[in-house]
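The sequence and structure are shown first.

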Amino acid sequence: MRYVSLTGGERVPALGLGTWHMGERAQARGAEAAALRRGLDLGLELIDTAEMYGEGGAEEVVGEAMAGRRDEVFLVSKVYPHNASAAGAVAACERSLARLATDRIDLYLLHWRGGVPLAETLEGFERLRAAGKIRHWGVSNFDVSDMEELVGLAGGSGAATDQVLYNLTRRGIEYDLLPWCRERNLPVMAYSPIEQGRLLSRPELKRVAALHGATPAQVALAWALRQDGVIAIPRAATPAHARENRGALDLRLAEQDLAALDRAFPPPTAARPLEVL
Ligand SMILES: NC(=O)c1ccc[n+]([C@@H]2O[C@H](COP(=O)([O-])OP(=O)(O)OC[C@H]3O[C@@H](n4cnc5c(N)ncnc54)[C@H](OP(=O)(O)O)[C@@H]3O)[C@@H](O)[C@H]2O)c1
């Protein structure tokens, strides 16, 4: 496994497991939990979930997957913006903990910016941290201006990550947000790293994959993970996808591969508003 260091020095796996749309159908839950367990067996020991996913259903699936092996997992969950007042974040986290069947979340994120003042959310996160219910906190879908505002608040520089959309077709953050985070040693978590599967049929990706005897998903993930300080969290709801995605860590893209991918998926040449899904 490769690791990324959080600002305090704790190391977390660079490749994890997403859970969006898990827990939505009762008959799929067993298979979803089994796929997550398979991912853990392979060393993908960071699980990303949210109270939003399946309206709590995904957290229940994660709880089932972690049964008996909680200590292996670096667990990430997220609070809805409308729940992110000081008292609301505490209550939402306690509901998440019950669904996850655990006493702590390793990293608790504000899912996106809403109407609640950030200072109130930070107060809620600080209460949760002091009570040992969360170990770290962070944000998601924050652009540079949001991050600037955050670090200007008391305690705001304590964020452990910004989780954002990042893949070959969504490179806008390379222009400003990624350098901003890198200067501050703040890891970025890349969500939808294979663009929810839409990337996989792109010819240039297939061509680079064929050169390496790899798959397009592995190239897309190896590309996202080519740089330090980036964590990728693809969703894999089948053991086969988990195994295939784990293989991305063994793939080293050469300069000419990266150049070919740059031609097909050009890097940004100007600032763009942060894209979200
Ligand atoms: N913070 C946010 O606002 C935010 C937004 C979006 C996502 N996220 C997080 O990021 C995670 C990943 O993003 P995502 O789920 O949107 O998209 P993604 O990981 O880019 O793509 C997931 C899709 O690709 C398929 N897939 C996975 N591995 C594959 C492989 N090796 N070959 C072929 N297909 C493969 C999956 O199928 P199966 O599931 O059937 O394996 C699923 O349909 C989410 O699950 C969630 O935890 C966060």
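How much space lies in the largest pocket? About 610 Å³ of space lies there.

The structure is a predicted model, in which local features need pLDDT of at least 70 and side-chain atom pairs count only at pLDDT 80 or more, while totals for chains, interfaces and linings use all residues. Residues are numbered from 1 along each chain as its sequence is written, and side-chain values use heavy atoms, with hydrogens and water left out.

**Pockets and cavities**

Rolling a probe the size of a water molecule over the atoms shows where empty space is left. On a 1 Å grid over the protein atoms alone, a cavity is a set of points where a 1.4 Å probe fits but cannot get out, whereas a pocket is an open set with protein on both sides within 12 Å along at least five of seven lines; lining residues have an atom within 4 Å of a point. Grid points are joined across faces, edges and corners, and a volume is the space filled by probe spheres set on the points. For the classes of lining residues, Ala, Val, Leu, Ile, Met, Phe, Trp, Tyr, Cys and Pro count as nonpolar, Asp, Glu, Lys and Arg as charged, and the others, Gly among them, as polar.

| Space | Volume | Lining by class |
|---|---|---|
| Largest pocket | about 610 Å³ | 14 nonpolar, 13 polar, 5 charged |
| Second largest pocket | about 150 Å³ | 6 nonpolar, 3 polar, 2 charged |
| Largest cavity | about 70 Å³ | 4 nonpolar, 1 polar, 6 charged |
| Second largest cavity | about 40 Å³ | 6 nonpolar, 3 polar, 1 charged |

The lining of the largest pocket comprises 32 residues, and Trp-20, Ser-192, Gln-196, Ile-233 and Arg-235 lie nearest its centre. Helix α9 (residues 239-246) gives the most to this lining, with 3 residues. Helices (H or I, at least four residues) and strands (E, at least two) are DSSP runs, numbered from the N terminus.

The lining of the second largest pocket includes Val-4, Ser-5, Leu-178, Cys-181 and Arg-182. The elements that give two or more residues to this lining are β1 (3-5) and α6 (177-183), and α6 gives the most, with 3 residues.

The structure holds 2 cavities of 30 Å³ or more. Among the residues that line the largest cavity are Asp-143, Arg-170, Arg-171, Asp-176, Arg-272 and Glu-275. The lining of the second largest cavity includes Pro-81, Leu-110, Trp-112, Arg-113 and Thr-121.

In soluble globular proteins, nonpolar side chains tend to be buried together. A nonpolar core is a set of buried Ala, Val, Leu, Ile, Met, Phe, Trp, Tyr and Cys residues joined through side-chain atoms within 4.5 Å. Buried means under 20% relative accessible area, exposed over 50%, and partly exposed in between (1.4 Å probe, protein chains only).

The largest nonpolar core has 89 residues, and those with the most contacts inside it are Tyr-108, Leu-150, Leu-253 and Leu-261. Helix α8 (residues 216-224) gives the most to this core, with 7 residues. In α8, 9 of its 9 residues are buried, and these buried residues pack against α7 (203-212), β9 (230-232), α9 and α10 (255-264). Contact means heavy atoms within 4.5 Å. Not counting residues up to four places away in sequence, Leu-253 touches Val-208, His-212, Val-219, Ala-222, Trp-223, Leu-258 and Leu-261.

**Cysteines**

A search of the whole structure finds 0 disulfides, a disulfide being a pair of cysteine sulfur atoms within 2.5 Å. Cys-93 counts as buried because its relative accessibility is 0%. Cys-181 is also buried, with a relative accessible area of 1%.

**Selected residues**

Arg-95 is found in helix α3 (residues 86-100) and is partly exposed, with a relative accessible area of 40%. Leaving aside neighbours within four places in sequence, Arg-95 is in contact with Glu-51 and Asn-83. Its C-alpha atom is separated by 33 Å from that of Leu-178, which lies 83 residues apart along the chain.

Most residues other than glycine have a negative phi. His-21, in the loop between β2 (11-13) and α1 (29-41), has a positive phi of about 75°. His-21 counts as partly exposed, at 38% relative accessibility. Glu-55, in the loop between β3 (46-48) and α2 (57-66), has a positive phi near 45°. Glu-55 is exposed, with a relative accessible area of 59%.
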